[in-house]
Amino acid sequence: MSALITLALFLIWQISYSFASSTNSVPKRPLQNILGSKKLALGAASIPALWFGKQFLDGPTYTGAAGSMTGKDVVITGGNTGLGKEAAIALASLGAHVTILCRSTERGNAAVEEIKSLSGSDMVSAEVCDLADLKSIDECSKRLLSSMAKVDVLMNNAGVMAIPQREVTSNGFEKHMGINHLGHFALTSNLMPLVEKSEAGRIVTVSSTAHLLGKLDRSNLLLESGYEPWPAYGNSKLANVLFTKALAAKLKEKGSRVVALVNHPGVCRTELGRYIFDPSKVTVPKFLYPVLGVVGAPAIYFTKSAKQGAQTQIFL
(Lines give C-alpha, C1' and ligand atoms only; values in the text may rest on other atoms or scores of the structure.)
Protein backbone atom coordinates (compact mmCIF):
# COMPACT_ATOMS: atom_id res chain seq x y z
CA MET A 1 0.00 0.00 0.00
CA SER A 2 2.79 2.45 0.89
CA ALA A 3 4.52 1.64 -2.40
CA LEU A 4 1.35 2.51 -4.34
CA ILE A 5 0.91 5.72 -2.37
CA THR A 6 4.51 6.71 -3.03
CA LEU A 7 4.17 6.00 -6.76
CA ALA A 8 0.87 7.87 -6.95
CA LEU A 9 2.30 10.90 -5.15
CA PHE A 10 5.32 10.87 -7.44
CA LEU A 11 3.12 10.84 -10.56
CA ILE A 12 0.81 13.53 -9.16
CA TRP A 13 3.79 15.72 -8.42
CA GLN A 14 5.31 15.15 -11.85
CA ILE A 15 2.06 15.86 -13.70
CA SER A 16 1.27 18.91 -11.58
CA TYR A 17 4.79 20.22 -11.95
CA SER A 18 4.54 19.79 -15.71
CA PHE A 19 1.35 21.86 -15.74
CA ALA A 20 2.61 24.50 -13.32
CA SER A 21 6.00 24.99 -14.98
CA SER A 22 4.83 24.95 -18.60
CA THR A 23 5.31 28.12 -20.60
CA ASN A 24 1.96 27.52 -22.27
CA SER A 25 -1.15 28.60 -20.41
CA VAL A 26 -2.74 25.21 -21.19
CA PRO A 27 -0.13 22.54 -21.97
CA LYS A 28 -1.51 20.07 -24.49
CA ARG A 29 0.28 16.89 -23.49
CA PRO A 30 1.71 16.98 -19.96
CA LEU A 31 1.99 13.18 -19.82
CA GLN A 32 3.98 13.18 -23.03
CA ASN A 33 6.27 15.83 -21.55
CA ILE A 34 6.83 13.67 -18.49
CA LEU A 35 7.46 10.44 -20.36
CA GLY A 36 9.89 12.16 -22.68
CA SER A 37 11.73 13.93 -19.91
CA LYS A 38 15.33 13.01 -19.21
CA LYS A 39 14.53 13.39 -15.55
CA LEU A 40 12.07 10.49 -15.62
CA ALA A 41 14.77 7.87 -15.16
CA LEU A 42 16.17 9.72 -12.17
CA GLY A 43 12.67 10.15 -10.78
CA ALA A 44 11.87 6.48 -11.21
CA ALA A 45 15.13 5.53 -9.53
CA SER A 46 14.18 7.70 -6.56
CA ILE A 47 10.92 5.83 -5.93
CA PRO A 48 12.54 3.11 -3.72
CA ALA A 49 14.26 5.80 -1.66
CA LEU A 50 10.99 7.69 -1.33
CA TRP A 51 9.22 4.48 -0.30
CA PHE A 52 11.76 3.70 2.43
CA GLY A 53 11.63 7.33 3.54
CA LYS A 54 7.84 7.14 3.85
CA GLN A 55 8.14 3.94 5.88
CA PHE A 56 10.53 5.71 8.25
CA LEU A 57 8.32 8.78 8.59
CA ASP A 58 5.17 6.71 9.20
CA GLY A 59 6.86 4.45 11.74
CA PRO A 60 6.02 0.83 12.54
CA THR A 61 2.52 -0.58 12.87
CA TYR A 62 1.78 -2.24 16.19
CA THR A 63 0.37 -5.74 15.86
CA GLY A 64 -0.48 -7.18 19.23
CA ALA A 65 -1.17 -10.85 19.77
CA ALA A 66 -4.73 -11.91 19.05
CA GLY A 67 -6.82 -11.70 22.20
CA SER A 68 -4.06 -9.90 24.11
CA MET A 69 -6.55 -7.29 25.37
CA THR A 70 -9.29 -9.76 26.29
CA GLY A 71 -10.88 -8.80 29.59
CA LYS A 72 -9.44 -5.28 29.46
CA ASP A 73 -11.65 -2.19 29.74
CA VAL A 74 -10.56 0.84 27.75
CA VAL A 75 -11.97 4.39 27.84
CA ILE A 76 -10.97 6.75 25.01
CA THR A 77 -11.88 10.44 24.77
CA GLY A 78 -12.55 11.63 21.23
CA GLY A 79 -12.90 8.01 20.13
CA ASN A 80 -15.36 8.84 17.36
CA THR A 81 -12.78 10.25 14.96
CA GLY A 82 -9.10 10.43 14.04
CA LEU A 83 -6.48 8.88 16.30
CA GLY A 84 -9.03 7.95 18.95
CA LYS A 85 -11.18 5.98 16.53
CA GLU A 86 -8.16 4.16 15.10
CA ALA A 87 -7.03 3.27 18.63
CA ALA A 88 -10.54 2.04 19.42
CA ILE A 89 -10.58 -0.17 16.32
CA ALA A 90 -7.17 -1.65 17.09
CA LEU A 91 -7.82 -2.32 20.78
CA ALA A 92 -11.30 -3.72 20.18
CA SER A 93 -9.86 -6.08 17.57
CA LEU A 94 -7.44 -7.35 20.23
CA GLY A 95 -10.34 -8.21 22.53
CA ALA A 96 -10.76 -5.13 24.71
CA HIS A 97 -14.11 -3.68 25.71
CA VAL A 98 -13.86 -0.11 24.44
CA THR A 99 -15.93 2.86 25.59
CA ILE A 100 -15.54 5.99 23.50
CA LEU A 101 -16.41 9.40 24.91
CA CYS A 102 -17.63 12.17 22.62
CA ARG A 103 -19.85 15.23 22.72
CA SER A 104 -22.61 13.98 20.41
CA THR A 105 -24.86 10.96 20.94
CA GLU A 106 -25.46 10.69 17.17
CA ARG A 107 -21.77 10.82 16.24
CA GLY A 108 -20.90 8.49 19.07
CA ASN A 109 -23.44 5.86 18.01
CA ALA A 110 -22.36 6.12 14.36
CA ALA A 111 -18.71 5.67 15.37
CA VAL A 112 -19.59 2.65 17.53
CA GLU A 113 -21.17 0.89 14.56
CA GLU A 114 -18.17 1.67 12.36
CA ILE A 115 -15.68 0.51 14.99
CA LYS A 116 -17.64 -2.71 15.51
CA SER A 117 -17.63 -3.37 11.78
CA LEU A 118 -13.92 -2.67 11.29
CA SER A 119 -12.72 -4.45 14.45
CA GLY A 120 -15.03 -7.45 14.25
CA SER A 121 -15.96 -6.90 17.90
CA ASP A 122 -19.31 -6.10 19.48
CA MET A 123 -17.69 -4.91 22.71
CA VAL A 124 -17.80 -1.21 21.85
CA SER A 125 -20.00 1.46 23.44
CA ALA A 126 -20.25 5.23 23.66
CA GLU A 127 -20.89 7.80 26.37
CA VAL A 128 -21.57 11.50 26.01
CA CYS A 129 -18.84 13.64 27.51
CA ASP A 130 -18.12 17.26 26.65
CA LEU A 131 -14.61 18.10 27.84
CA ALA A 132 -15.48 21.80 27.60
CA ASP A 133 -18.08 21.38 30.35
CA LEU A 134 -17.13 20.21 33.85
CA LYS A 135 -20.77 19.29 34.57
CA SER A 136 -20.82 16.98 31.54
CA ILE A 137 -17.53 15.43 32.67
CA ASP A 138 -18.89 14.80 36.17
CA GLU A 139 -22.12 13.27 34.83
CA CYS A 140 -20.21 10.99 32.45
CA SER A 141 -17.84 9.98 35.24
CA LYS A 142 -20.74 9.04 37.51
CA ARG A 143 -22.22 6.82 34.81
CA LEU A 144 -18.90 5.07 34.25
CA LEU A 145 -18.27 4.65 37.99
CA SER A 146 -21.61 2.93 38.34
CA SER A 147 -21.41 0.79 35.19
CA MET A 148 -17.77 -0.30 35.11
CA ALA A 149 -15.86 -2.45 37.57
CA LYS A 150 -12.48 -1.12 36.48
CA VAL A 151 -10.64 0.82 33.77
CA ASP A 152 -7.46 -0.78 32.48
CA VAL A 153 -6.62 1.99 30.04
CA LEU A 154 -7.75 5.61 30.14
CA MET A 155 -6.70 7.28 26.90
CA ASN A 156 -6.86 11.07 27.04
CA ASN A 157 -6.94 11.61 23.30
CA ALA A 158 -9.45 14.35 22.41
CA GLY A 159 -8.36 17.88 21.72
CA VAL A 160 -8.58 21.12 19.75
CA MET A 161 -5.80 22.95 17.94
CA ALA A 162 -5.05 26.47 16.74
CA ILE A 163 -8.47 28.07 17.26
CA PRO A 164 -8.15 31.39 15.37
CA GLN A 165 -9.84 33.63 17.94
CA ARG A 166 -9.88 33.20 21.71
CA GLU A 167 -12.86 31.13 22.82
CA VAL A 168 -13.83 29.90 26.26
CA THR A 169 -15.46 26.76 27.65
CA SER A 170 -18.77 26.79 29.51
CA ASN A 171 -16.74 27.24 32.69
CA GLY A 172 -14.84 30.24 31.34
CA PHE A 173 -11.51 28.54 30.59
CA GLU A 174 -9.59 29.34 27.41
CA LYS A 175 -10.59 26.45 25.13
CA HIS A 176 -7.20 24.89 24.44
CA MET A 177 -6.34 24.76 28.12
CA GLY A 178 -9.91 23.95 29.14
CA ILE A 179 -10.41 20.99 26.78
CA ASN A 180 -6.93 19.61 26.17
CA HIS A 181 -5.75 19.81 29.77
CA LEU A 182 -8.31 20.79 32.38
CA GLY A 183 -11.09 18.60 30.95
CA HIS A 184 -8.80 15.58 30.90
CA PHE A 185 -7.44 16.47 34.35
CA ALA A 186 -10.98 16.41 35.75
CA LEU A 187 -11.89 13.19 33.97
CA THR A 188 -8.71 11.45 35.12
CA SER A 189 -9.29 12.55 38.70
CA ASN A 190 -12.86 11.27 38.62
CA LEU A 191 -12.00 7.91 37.07
CA MET A 192 -8.84 7.25 39.09
CA PRO A 193 -10.68 4.90 41.50
CA LEU A 194 -11.59 2.68 38.53
CA VAL A 195 -8.07 2.81 37.05
CA GLU A 196 -6.59 1.82 40.41
CA LYS A 197 -8.82 -1.27 40.48
CA SER A 198 -6.99 -2.59 37.43
CA GLU A 199 -4.10 -4.98 37.92
CA ALA A 200 -1.98 -2.78 35.65
CA GLY A 201 -3.83 0.45 34.97
CA ARG A 202 -2.51 2.87 32.35
CA ILE A 203 -3.29 6.53 31.73
CA VAL A 204 -2.14 7.53 28.25
CA THR A 205 -2.30 11.21 27.36
CA VAL A 206 -1.79 12.35 23.77
CA SER A 207 0.35 15.49 23.72
CA SER A 208 2.52 16.96 20.94
CA THR A 209 5.99 18.34 20.32
CA ALA A 210 4.05 21.61 20.04
CA HIS A 211 4.55 21.70 23.81
CA LEU A 212 7.86 23.35 22.90
CA LEU A 213 5.79 26.38 21.83
CA GLY A 214 4.27 26.61 25.29
CA LYS A 215 5.29 29.08 27.95
CA LEU A 216 3.02 28.95 30.97
CA ASP A 217 2.60 32.37 32.58
CA ARG A 218 0.73 32.00 35.86
CA SER A 219 -0.37 35.62 35.72
CA ASN A 220 -1.99 35.05 32.30
CA LEU A 221 -2.59 31.29 32.26
CA LEU A 222 -5.89 31.54 30.37
CA LEU A 223 -4.51 34.07 27.88
CA GLU A 224 -7.02 36.78 28.67
CA SER A 225 -4.55 39.11 26.95
CA GLY A 226 -2.18 38.51 24.07
CA TYR A 227 -3.98 35.45 22.69
CA GLU A 228 -2.32 33.65 19.76
CA PRO A 229 -3.53 30.28 18.42
CA TRP A 230 -0.30 28.27 18.34
CA PRO A 231 1.15 29.40 21.68
CA ALA A 232 -2.28 28.65 23.20
CA TYR A 233 -2.18 25.13 21.78
CA GLY A 234 1.44 24.77 22.89
CA ASN A 235 0.50 25.79 26.44
CA SER A 236 -2.15 23.08 26.63
CA LYS A 237 0.23 20.42 25.31
CA LEU A 238 2.91 21.54 27.77
CA ALA A 239 0.30 21.22 30.52
CA ASN A 240 -0.36 17.65 29.31
CA VAL A 241 3.32 16.79 29.67
CA LEU A 242 3.73 18.43 33.09
CA PHE A 243 0.51 16.82 34.35
CA THR A 244 1.63 13.36 33.26
CA LYS A 245 5.08 13.74 34.79
CA ALA A 246 3.61 14.93 38.09
CA LEU A 247 0.99 12.17 38.10
CA ALA A 248 3.59 9.50 37.31
CA ALA A 249 5.74 10.70 40.19
CA LYS A 250 2.83 10.68 42.65
CA LEU A 251 1.73 7.20 41.56
CA LYS A 252 5.25 5.87 41.96
CA GLU A 253 5.62 7.51 45.36
CA LYS A 254 2.47 5.84 46.68
CA GLY A 255 3.43 2.47 45.23
CA SER A 256 0.52 2.37 42.81
CA ARG A 257 0.37 -0.17 39.98
CA VAL A 258 -1.01 2.55 37.69
CA VAL A 259 1.37 3.97 35.07
CA ALA A 260 0.97 7.43 33.53
CA LEU A 261 2.37 7.97 30.03
CA VAL A 262 2.41 10.78 27.47
CA ASN A 263 3.20 10.69 23.76
CA HIS A 264 3.58 12.69 20.56
CA PRO A 265 1.75 11.06 17.61
CA GLY A 266 3.48 13.01 14.85
CA VAL A 267 1.93 15.39 12.34
CA CYS A 268 -1.29 13.67 11.29
CA ARG A 269 -4.04 14.28 8.76
CA THR A 270 -7.05 14.34 11.10
CA GLU A 271 -9.96 16.60 12.07
CA LEU A 272 -7.68 18.23 14.62
CA GLY A 273 -6.62 20.58 11.82
CA ARG A 274 -10.17 21.73 11.10
CA TYR A 275 -9.42 25.26 12.31
CA ILE A 276 -6.45 25.49 9.96
CA PHE A 277 -8.05 24.16 6.79
CA ASP A 278 -11.61 23.03 6.14
CA PRO A 279 -11.91 21.68 2.55
CA SER A 280 -15.72 21.87 2.71
CA LYS A 281 -15.51 25.65 3.03
CA VAL A 282 -12.93 26.22 0.30
CA THR A 283 -13.61 26.47 -3.41
CA VAL A 284 -10.44 26.05 -5.49
CA PRO A 285 -10.41 27.35 -9.08
CA LYS A 286 -9.50 24.66 -11.60
CA PHE A 287 -6.47 26.58 -12.82
CA LEU A 288 -4.94 26.14 -9.34
CA TYR A 289 -5.24 22.32 -9.36
CA PRO A 290 -1.69 21.88 -10.69
CA VAL A 291 -0.35 24.07 -7.90
CA LEU A 292 -2.24 21.99 -5.34
CA GLY A 293 -0.60 18.88 -6.77
CA VAL A 294 2.88 20.35 -6.40
CA VAL A 295 2.18 21.47 -2.84
CA GLY A 296 -0.13 18.65 -1.74
CA ALA A 297 2.02 15.65 -2.63
CA PRO A 298 4.88 16.62 -0.27
CA ALA A 299 2.32 17.57 2.40
CA ILE A 300 0.87 14.04 2.28
CA TYR A 301 4.31 12.45 2.12
CA PHE A 302 5.60 14.16 5.26
CA THR A 303 2.47 13.59 7.38
CA LYS A 304 0.81 10.52 8.81
CA SER A 305 -2.62 9.04 8.35
CA ALA A 306 -4.79 8.75 11.45
CA LYS A 307 -4.03 5.02 11.59
CA GLN A 308 -0.26 5.53 11.53
CA GLY A 309 -0.46 8.42 13.99
CA ALA A 310 -2.36 6.28 16.48
CA GLN A 311 0.26 3.52 16.64
CA THR A 312 2.20 4.94 19.60
CA GLN A 313 -0.81 5.34 21.87
CA ILE A 314 -2.01 1.87 20.85
CA PHE A 315 1.39 0.44 21.77
CA LEU A 316 1.46 2.27 25.11
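Helix α4 has 12 residues and reaches 17 Å from its first C-alpha to its last, close to the 16 Å expected at 1.5 Å a residue. That expected span is 1.5 Å times one less than the number of residues. Helices (H or I, at least four residues) and strands (E, at least two) are DSSP runs, numbered from the N terminus.

This is a predicted model: local features need pLDDT of at least 70, side-chain atom pairs count only at pLDDT 80 or more, and totals for chains, interfaces and linings use all residues. Residues are numbered from 1 along each chain as its sequence is written, and side-chain values use heavy atoms, leaving out hydrogens and water.

Helix α4 is mostly covered, with nine of its 12 residues buried. Buried means under 20% relative accessible area, exposed over 50%, and partly exposed in between (1.4 Å probe, protein chains only). Among the buried residues of α4 are L83, K85, I89 and L91. Just after α4, G95 takes a positive phi of about 110°.

Helix α5 covers residues 105-119. Its 15 residues reach 21 Å from first C-alpha to last, close to the 21 Å expected. Which residues of α5 are buried? They are G108, A111, V112, I115 and S119. Seen down the axis of α5, these fall within an arc of 110°, so they line one face of the helix. The arc is that of the directions from the helix axis to the C-beta atoms. The face turned away from the buried side carries the exposed residues E106 and S117. Cover for the buried residues of α5 includes α4 (82-93), β2 (97-102) and β3 (124-128); contact here means heavy atoms within 4.5 Å. G120 follows α5 and has a positive phi, near 75°.

Now the charged pairs. A salt bridge is a side-chain nitrogen of Lys or Arg within 4 Å of a carboxyl oxygen of Asp or Glu. By this rule the count comes to six. The table gives some of them.

| Salt bridge | N to O distance |
|---|---|
| E114 and K85 | 3.1 Å |
| E127 and R143 | 2.7 Å |
| K150 and D152 | 2.5 Å |

E114 forms its salt bridge with K85. E114 lies in α5 and K85 in α4, so the pair ties together parts that are 29 residues apart in sequence. E114 is partly exposed, at 35% relative accessible area, whereas K85 counts as buried at 16%.

E127 forms a salt bridge with R143. This pair links strand β3 to helix α6 (residues 134-147), 16 residues apart. R143 is partly exposed, at 31%.

D73, K150 and D152 are linked in a network of salt bridges. D152 is buried, at 3% relative accessibility.
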